[in-house]
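Please read the following note with the sequence and the model open side by side, and look up each residue as it is named.

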Amino acid sequence: MKFIITGATSFIGAELTRFALSMGDEVIAVCRKDSAGISKLGEHPNLRIVYSELSEYANLSGQIEKGQVFINLAWEGTGHSGRNLTDIQQDNIAHSLEAIKVAAGTGCALFVEAGSQAEYGTVLERISEKTSCHPFSEYGKAKLAVKEQGSKIANALGLKYLHLRIFSLFGEEDHPWTLVMSCLKKMVNNEPIDLSPCTQNWNFLYVKDAVKQIYLLCQYALRNSGYKAEVFNIASKDTRILKAFVDEMYSLAQSKSELNFGAIAPTNVVSLDPDVSKTEAATGFISQYVFKDIVNHIIRNYKQQ
């Protein structure tokens with residue numbers, strides 16, 4: 001396959017780029033000129049880097065030769081401070097819809113959009129792709145808007161459309177402020193940790209498993225002649241009460257940190273219990289890595305720093 005990947009230096013993007021190259025595919029990685037993560041992509045004869053800001057996507061068609069799969073991972077305002085900034089999220093919608101037109105202009109057969117579990121909102125039962133979406137954040141609303149508008153635009157342009165509802169990923173290169181990374185760093189240093197009550201369901205998927213799911217879904221969409229537009233959950237089968245994950249990390253780190261459950265009162269409590277049966281049926285795969293093994297690796301990394 002020949003991939004065009006925007007946001008190629010992001011947490012998911014860099015891992016997906018490396019995986020596609022390892023499979024013998026070609027990748028055109030679309031990055032910002034000032035991206036600090038370009039070095040994560042390394043050098044490869046099948047890798048070409050194209051520089052572009054999100055606002056410049058309309059000019060991409062003239063810089064990119066024919067592709068096959070366009071995967072849009074670029075998105076601003078993904079952190080806590082930006083998720084409810086309406087202007088940023090509305091801009092993201094416009095940039096994503098422009099990317100679909102670029103995909104069509106470069107001859108791609110499939111457009112893939114990185115959606116989010118935030119599209120579902122607060123759901124206390126098992127979450128399937130048929131679950132009604134009631135997002136409360138501007139981020140979730142924007143992701144849902146791209147799905148609703150983007151699938152129609154893609155269909156009109158003759159593109160297949162794949163919308164990924166990505167749940168909670170983790171891995172060694174994740175942002176330091178995420179729950180896994182921030183907790184493990186403090187646990188290794190025996191620092192006190194303020195937490196929410198952590199009584200809701202949660203689900204973690206290792207990023208390497210996530211990109212393999214995405215890759216296999218691309219193959220699935222391309223080889224099925226009747227495929228037009230579908231949504232797939234990207235998650236694992238390992239759903240537990242969030243406190244169980246925290247307790248396991250604490251035990252693996254052999255930490256003496258004080259865990260202050262309930263010290264943080266979240267505005268909106270999100271519960272994650274994803275149904276991945278549709279993804280498994282399409283790909284024959286969900287995961288090969290175990291939470292504790294990756295956590296142990298992250299702990300070793302922190303101890304060596």
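1. Gly226 sits in the loop that runs between α5 (207–223) and β10 (229–234), where helices (H or I, at least four residues) and strands (E, at least two) are DSSP runs numbered from the N terminus. With a relative accessible area of 66%, Gly226 is exposed; the classes used throughout this note are buried for under 20% relative accessible area, exposed for over 50% and partly exposed in between, with a 1.4 Å probe and protein chains only. Gly226 and Lys160 are 66 residues apart in sequence, while their C-alpha atoms are 9.6 Å apart in space.

2. Before going further, please keep in mind that this is a predicted model, in which local features need pLDDT of at least 70 and side-chain atom pairs count only at pLDDT 80 or more, whereas totals for chains, interfaces and linings use all residues. Residues are numbered from 1 along each chain as its sequence is written, and side-chain values use heavy atoms, with hydrogens and water left out.

3. Lys228 is also placed in the loop between α5 and β10, and its relative accessible area of 60% makes it exposed. Which residues does Lys228 touch, not counting those up to four places away in sequence? They are Asn155, Leu159, Lys160 and Tyr161, a contact being heavy atoms within 4.5 Å. For another distance from this residue, take Lys228 and Ala74, which are 154 residues apart in sequence and 23 Å apart from C-alpha to C-alpha.

4. Glu65 belongs to the loop between β3 (47–51) and β4 (69–72), and at 38% relative accessibility it counts as partly exposed. Once its neighbours within four places in sequence are set aside, Glu65 is in contact with Lys2, Ile28, Arg48 and Thr106.

5. Most residues other than glycine have a negative phi. Asn190, in the loop between α4 (179–188) and β8 (193–195), has a positive phi near 55°, and this residue is partly exposed, with a relative accessible area of 40%. Gln254, in the loop between α6 (242–252) and β12 (259–261), likewise has a positive phi, near 50°, and at 67% relative accessibility Gln254 counts as exposed.

6. Leaving out residues up to four places away in sequence, Asn92 touches Leu54, Trp75 and Glu76.

7. How many disulfides does a search of the whole structure find? The search finds 0 disulfides, a disulfide being a pair of cysteine sulfur atoms within 2.5 Å. For Cys31, the closest cysteine sulfur is that of Cys108, and at 16 Å it is too far for a bond. For Cys108, the closest cysteine sulfur is that of Cys218, at 11 Å, which is again too far for a bond. Both residues are buried, Cys31 with a relative accessible area of 3% and Cys108 with 7%.

8. Turning to the whole chain, there are 8 helices and 12 strands. The radius of gyration is 19 Å, close to the 19 Å that the globule rule gives for 305 residues, so the chain is as compact as a globular protein of that length; the radius is taken over C-alpha atoms, and the rule is 2.2 Å times the number of residues to the power 0.38. Along its principal axes, the C-alpha trace spans about 55 × 40 × 40 Å.

9. Of the 305 residues, 53% count as buried. Among contacts between residues at least 6 apart in sequence, 75% join residues that are at least 24 apart. The chain exposes about 13600 Å², of which carbon and sulfur atoms supply 48%, with accessible areas taken from the Shrake-Rupley method with a 1.4 Å probe and, for residues, only the protein chains shown counting as cover.
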